[in-house]
Amino acid sequence: MPQVNLLERPSPPDYVQFAPGFGQRFLVTVDTEEEFDWTGPIRREGHTLHSVPAMATFQALCESHGVVPVYLVDYPIATSPAAFEAIGDAVAHGRAEVGVQLHPWVSPPFDEHVTEYNSYAGNLPFELERQKFRTLRDTIEHAFGRAPLIYRAGRYGLGTRTAEILAENGLTIDTSVRARFDYSGKGGPNYRDHPVRPYWIDRSRNLLELPLTTVFWGPLRQLGGAIYPYMWRAPSARGMLSRARLLERIPLTPEGVTADEAVRGIDIAVDEGLPVLVLSFHSPSLAPGFTPYVRDEADLARLYDWWRTIFAHLARRNVQPTSVADIMASVALA
C-alpha cells in the first residue's frame, strides 16, 4: 500500500459514508489490559491481572442493553485463561468482539529498553513494532478463536508506518486517534487537529480510522480547536473556562468525566451529525483500587451508574449500538 502516516492530519479527509439506514451509532471500546502503577515508571514486570474476572459483570451489563463491546486486548490479557473465561463465550457467539491493543513494554519480542519514549509502539524501529504487533495479533486469534479486525495503540502511540502493519495483518479499523488531545510533550503523538469523524486511511484496502469521540461544549466551542491548545500548559485557565461554562473538552469516557458532562458531549456529537460515537475506558477500572478513577466500591457503583445513564440517554437520542462487523458491512466504498 502507499505509505500513509497516521500521525499526519489527512488533508483533505476522505470521510467515511455509511449505507442508508445506518443512522447514528455508538461503539463501546474497552482498553483491556493488565494492572500497573499509573503514577510510577513504566515497567516490564510487576503487573497483575486481578480485575480480569470483573469483565464478565460488565459484559452482562452490555448484553442487557443490546451492546456489543469491543475488548482491545494486550498481551498479558491474551495469555490469561481468566480472560477467556470472562468473555470467551461472548466473543465466540458475537455478543462481544476482540481487537488488538499493543503495550510494547509487555509484548514480546523484548528487544527494546523500557522507557517513556518506547512505550509508544510507533516510536520503535519499524521491524520491532511489526514483530510485536504480529505476535500479539496471532496470540489473540489463538486465544479467542477470532481474527481481530480493529486496533488501538497503547497510549494512542501510532507510528509513521503503523497503517502498513495493519493492512498486512488484515485489520480493517484503527481507533488509536484521540482527536483533540496532544501527547507530544511526553514523546507521543499529537492528534489535536485530527478529525473526529471516521475517515478512510486506505479506501482500496478497506482500512479506516475511527477516532475516539471528544467534543467541545459551551458558547466558545466553535473556537475550541484554536483556544484549547494555547491552554495546554495552563490547566487553571482551562478550569476557569469550564467552571464558567464557556468551554469544556468532553471525551466520552466514565474516567474523569461525569455522566452529566458525557450527556452534554453526546448531545453535541449527535446534533453535529457524527455517524459513530466511540466511547472508551480501561478494564482495570472494573475493580476497585487499580486506576485513579475507581478507588473503592462506591466509585465502582458510580462507574456502572454512568454506563446505565449513558445507554439510556443514547437510546433516547435514537443512537443505536454498533459493532466492528456492522461498521464494515455498512460503509459505502464507492
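Against which elements do the buried residues of α3 pack? They pack against α1 (55-64), β3 (70-73), α2 (75-78), β4 (97-102) and α4 (126-144). The details of this helix follow after an outline of the chain.

The structure is a predicted model, in which local features need a pLDDT of at least 70 and side-chain atom pairs count only at pLDDT 80 or more, while totals for chains, interfaces and linings use all residues. Residues are numbered from 1 along each chain as its sequence is written, and side-chain values use heavy atoms, with hydrogens and water left out.

The pLDDT is the predictor's confidence in each residue, on a scale from 0 to 100. Its average over the protein chain is 93. A score of at least 70 is reached by 90% of the residues. Among the elements, strand β2 (residues 25-32) has the highest mean pLDDT, 99. Helix α7 (residues 235-243) has the lowest, 55. Where pLDDT is low, the predicted coordinates should not be read in detail.

The protein chain holds 10 helices and 13 strands. These elements are DSSP runs numbered from the N terminus: helices are H or I with at least four residues, strands are E with at least two. The radius of gyration is 19 Å, close to the 20 Å that the globule rule gives for 334 residues, so the chain is as compact as a globular protein of that length. This radius is taken over C-alpha atoms, and the rule is 2.2 Å times the number of residues to the power 0.38. Along the principal axes, the C-alpha atoms fill a box of roughly 50 × 50 × 45 Å. Contact means heavy atoms within 4.5 Å. Of the contacts with a separation of 6 or more, 75% join residues 24 or more positions apart.

Buried residues make up 56% of the 334 residues. Buried means under 20% relative accessible area, exposed means over 50%, and partly exposed lies in between (1.4 Å probe, protein chains only). In helix α3 (residues 81-92), the buried residues are Ala 83, Ala 86, Ile 87, Gly 88, Ala 90 and Val 91. Gly 94 follows α3 and has a positive phi, near 80 degrees.

The largest nonpolar core has 94 residues. Such a core is a set of buried Ala, Val, Leu, Ile, Met, Phe, Trp, Tyr and Cys residues joined through side-chain atoms within 4.5 Å. Helix α9 (residues 297-316) gives the most to this core, with eight residues. Those with the most contacts inside the core are Phe 26, Phe 58, Tyr 151, Leu 277, Trp 307 and Ile 327. Leaving aside neighbours within four places in sequence, Phe 58 touches Val 28, Val 30, Pro 69, Tyr 71, Phe 281, Leu 286, Tyr 304 and Trp 307.

Ala 56 lies in helix α1. Its relative accessibility is 32%, so Ala 56 counts as partly exposed. Thr 162 belongs to helix α5 (residues 162-168). Thr 162 is buried, at a relative accessible area of 1%. Its side chain reaches the backbone nitrogen of Gly 159 at 2.7 Å. Beyond its neighbours within four places in sequence, Thr 162 is in contact with Leu 6, Glu 129 and Tyr 151.

Side chains of opposite charge can pair when their charged atoms come close. A salt bridge is a side-chain nitrogen of Lys or Arg within 4 Å of a carboxyl oxygen of Asp or Glu. The count comes to 20 salt bridges. One of them joins Arg 203 to Asp 14, with the closest N and O atoms 2.6 Å apart. Arg 203 lies in the loop between β7 (199-202) and β8 (207-209) and Asp 14 in the segment before β1 (17-18), so the pair ties together parts that are 189 residues apart in sequence. Arg 203 is partly exposed at 27%, and Asp 14 is partly exposed at 30%.

Arg 137 forms a salt bridge with Glu 141, again described by closest N and O atoms 2.6 Å apart. The two residues are four apart in helix α4, which means a separation of about one helical turn. Arg 137 is buried, with a relative accessible area of 10%, whereas Glu 141 is partly exposed at 32%. A network of salt bridges links Arg 134, Arg 137, Asp 138 and Glu 141.

In helix α9, Asp 305 and Arg 308 lie three residues apart, about one turn of the helix. Their side chains meet in a salt bridge (3.1 Å, N to O). Asp 305 is partly exposed at 43% relative accessibility, and Arg 308 is partly exposed at 40%.

Terms used:
Polar contact = N/O pair within 3.5 Å; in protein donor to acceptor, adjacent residues only side chain to side chain.
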